[in-house]
Amino acid sequence: MDSNGIKKIWAQEITDTVRELFLCACIAPDVQVMQAVEDASQVEKTPHAREVLRQLVQNSEIALNESIPACQDTGMAVVMLEVGQDVHIAGGYVEEAVNEGVRQAYEQGYFRKSVLDPLSRQNTKDNTPAVIHMHIVPGNQLKITALPKGFGSENMSQLKMLKPSDGEQGVADFIVETTKQAGGSPCPPVILGVGIGGTFESCAMLAKKQLLRQLGSTNPDAGLAKMEQEVLDRINAAGMGPMGMGGDTYCLGVHIAKQPTHIAALPVAVNFCCHMLRHASAVL
């Protein structure tokens, strides 16, 4: 750190950190989520659904004990960077540093490389480029979050530009209807990240960020907290159950956030994540 409070972070540090984060995240599912799956297995009334939940817990335990991915889809690499305004990145370009870290992780971990050209379907062979989101924040630190996002769940995600007159009821109905359309495809039990407001693209980003909220945490907005519980109850009452095979446990949590939008708009985005919810973070 220099006399002006500027902290120098070398591009190689970013590469090394990204590599280690993905090596960890692709193997280790979220602890709170897997505890929620285990808790659900204790109260699930449907016998076959209870067995599915038990097997999901067992699968995650095997992955951790043997240091192998718990799912064959090790995802597309999503990387969120919170860059302090007093950080100087030296020795390379930040996006290249991130992609090199992803490349090394997927080679070293023998993770499936799933990234390809959307039209020719030609594989890039190293799971790059990553999807990188950078946000400037106060301070002189760099926070890196690695989110290997599987596409069984990503493919079921939806965004809709509702009419303002649809109101809260329309938002809740859209979330519930989206899960009914998804059925077993996103490998339930799922966690839902929901964004309300903003623009087309910022609404989707807000939804994805909600996947990183700790499962079981209380929304600080009382109105959204109430909506989360009501939507969660409606989804599970539909009886789709784990893997969409019937039962009480389809959704483990609904995380909703909102942001100001235009007077003519009410955008809503629903981002699914399966029960693995793999992610890891570090601060440089």
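User: How many residues apart are Arg54 and Glu51 in helix H3?
Analyst: They sit 3 residues apart in helix H3 (residues 47-66), so about one helical turn separates them. Helices here are DSSP runs of H or I, at least four residues, and strands are E runs of at least two, numbered from the N terminus. This is a predicted model: local features need pLDDT of at least 70, side-chain atom pairs count only at pLDDT 80 or more, and totals for chains, interfaces and linings use all residues. Residues are numbered from 1 along each chain as its sequence is written, and side-chain values use heavy atoms, without hydrogens and water.

User: What do Arg54 and Glu51 form?
Analyst: A salt bridge, with the closest N and O atoms 2.7 Å apart. The term means a side-chain nitrogen of Lys or Arg within 4 Å of a carboxyl oxygen of Asp or Glu.

User: How many salt bridges does the count come to?
Analyst: The count is 13.

User: What does Glu154 meet in a salt bridge?
Analyst: Lys208, at 3.1 Å, N to O. Glu154 is in helix H5 (residues 151-154) and Lys208 in helix H7 (residues 200-210), so the pair ties together parts 54 residues apart in sequence.

User: Is Lys208 buried or exposed?
Analyst: Buried, with a relative accessible area of 10%. Buried means under 20%, exposed over 50%, partly exposed in between (1.4 Å probe, protein chains only).

User: New topic. Which residues does Ile14 contact?
Analyst: Beyond its neighbours within four places in sequence, the contacts include Ile89, Val98 and Leu284. Contact means heavy atoms within 4.5 Å.
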